[in-house]
Amino acid sequence: MAASVWKRCVTAAVKVKCLSPSVSARRWLLSAAYTNTKLWEERRRDPRNLALLANAMDRTYERNLPVSSLSISRFVDNISSREEVDQTEYYLYKFRHSPNCWYLRDWTIHDWIRQCLKYGAREKAMHTLKNKVQYGIFPDDFTFNLLIDSHIKDGDFQGACSVVEEVMLQEAFDLPSTQILSLYALSSYLATRPQLTVSEERALGASLYICGLKQDNTVGLSAQLLGIALLGKVEMSNGIHAVFKGAPLFWERGYLGRALAVMEGVAAASGDVKLSNDTLDCVNDLLQELSSASDSSDSSGEESEGEEEKKKEEVNEDEQAEQAKLPQYVSRFKELRSKLESQGKVDSASFQALVSALAQQNLAAAEKPDLEQYERRMQDWEAEKKQLIQREKEMREKAEQEKQERLAAQAAAQQA
């Protein structure tokens, strides 16, 4: 059912691709310099035997003592095969459920994702990311970019959107590069005409909306409109709790009204901002779909009296009042669309084409500050790691000294 909503915009996107070969080029993906592992691989390493590390951690857990963040960091850093990735997943889980769970280091998370990509275990990275509470995997923006880019380059737009959903949940759309990659993944996935579940509509809608807020241009506003409209559809069909539960979204009703507010803002804006025509088509189809479902529900006489009463109990008065506004939303949408067309504020290019053009124009420039920040972050990580290693050394020396003192005291007591 949901696929019909995207039919018009998909058709437009396909036409643009046929007319413009540059749209199918891959320059908008992250450059080789961005994804190059040389800088990471050349950092100072601490070679260890994984079997010995595993044995040491197991014995520590058996004694109900905390495993240090350096131990799990060394374990991740010394992965050398696909099989060892599986083994490491177990110890990440164990560490997350230990007293030291809060001290999983940022560089360990980054290293884990890189190791998964290096040894062809991207599904493991995704599993730990989607189950972040169980594994403690909360990547930084640069790491998110590497994971999104990996999916995009393989043509796995659904997987890329799954990563974008996690970016949305962490509200980590701060980097322009993350915004561009996310919007590209979202627009490309929607162009495949997927059959969307309610949860997928919610995730895509929230991702489009929150990411779109970061772009003050035609792409950003089109993303906001499409995202809020999707959330409005979820609200109309399943209630407001299905929209905001577990996501950084407004809990007040009226998402379709907010979608129209985006159109009103564009109509009132003095700058050269527009909305893509296929996005407006998608919103129109979505509203028609909701209207048809509402009419069908009103005219249906097949449900029993008990089922009718059950539905009334499930839908409270506020939700019924919001659903009753649907005809007004449809009418207002038509008025605003006509106004935008008369003002020349409807872009004929598809949303996917607009995102691709934005990526080709801006992604290369966005990479430079990312790489500079990454180098600084690596230096900070190395400094922090040195401090931890020094502290570990001092604690071991102190423990050894205390042990020797106890042994000396025991020996003296025996002689006495």
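Reply: Of the 416 residues of the protein, 49% count as buried. Here buried means under 20% relative accessible area, exposed means over 50%, and partly exposed lies in between, with a 1.4 Å probe and protein chains only. This is a predicted model, in which local features need pLDDT of at least 70 and side-chain atom pairs count only at pLDDT 80 or more, whereas totals for chains, interfaces and linings use all residues. Residues are numbered from 1 along each chain as its sequence is written, and side-chain values use heavy atoms, leaving out hydrogens and water.

The secondary structure comprises 21 helices and two strands; helices (H or I, at least four residues) and strands (E, at least two) are DSSP runs numbered from the N terminus. The protein exposes about 20,800 Å², of which carbon and sulfur atoms supply 49%; these areas come from the Shrake-Rupley method with a 1.4 Å probe, and for residues only the protein chains shown count as cover. Among contacts (heavy atoms within 4.5 Å) with a separation of 6 or more, 78% join residues 24 or more positions apart.

Two packed helices are described by the angle between their axes and the distance between the axes. Helix 7 (residues 106-118) packs on helix 8 at an angle of about 150 degrees, and their axes are 7 Å apart. The axes are lines fitted to C-alpha atoms, for helices over the stretch in contact, with angles running from 0 to 180 degrees between N-to-C directions.

Thr128 belongs to helix 8, which spans residues 122-130. With a relative accessibility of 0%, Thr128 counts as buried. Apart from residues up to four places away in sequence, Thr128 touches Glu89, Trp112, Tyr135 and Ile137.

Rings of Phe, Tyr and Trp (its six-membered ring) pair if their centres lie within 6.5 Å; planes under 30 degrees apart count as stacked, over 60 as edge-to-face and the rest as tilted. Phe75 and Tyr91 make a tilted pair, 5.0 Å centre to centre with 50 degrees between the planes. Because Phe75 lies in helix 5 (residues 69-77) and Tyr91 in helix 6 (residues 82-96), this pair ties together parts that are 16 residues apart in sequence. The pair of Tyr90 and Tyr91 is edge-to-face, because the ring centres are 4.9 Å apart and the planes stand at 80 degrees. Tyr90 is partly exposed at 43% relative accessible area, whereas Tyr91 is buried at 5%. Elsewhere, Tyr34, Phe142 and Tyr374 form one aromatic cluster.

Charges also sit over rings, a term that requires NZ of Lys or CZ of Arg within 6 Å of the ring centre and within 35 degrees of the ring normal. Arg43 lies over the face of Trp40 at 3.8 Å from the ring centre, and the charged end of Lys94 sits over the ring of Tyr61, 4.8 Å from its centre.
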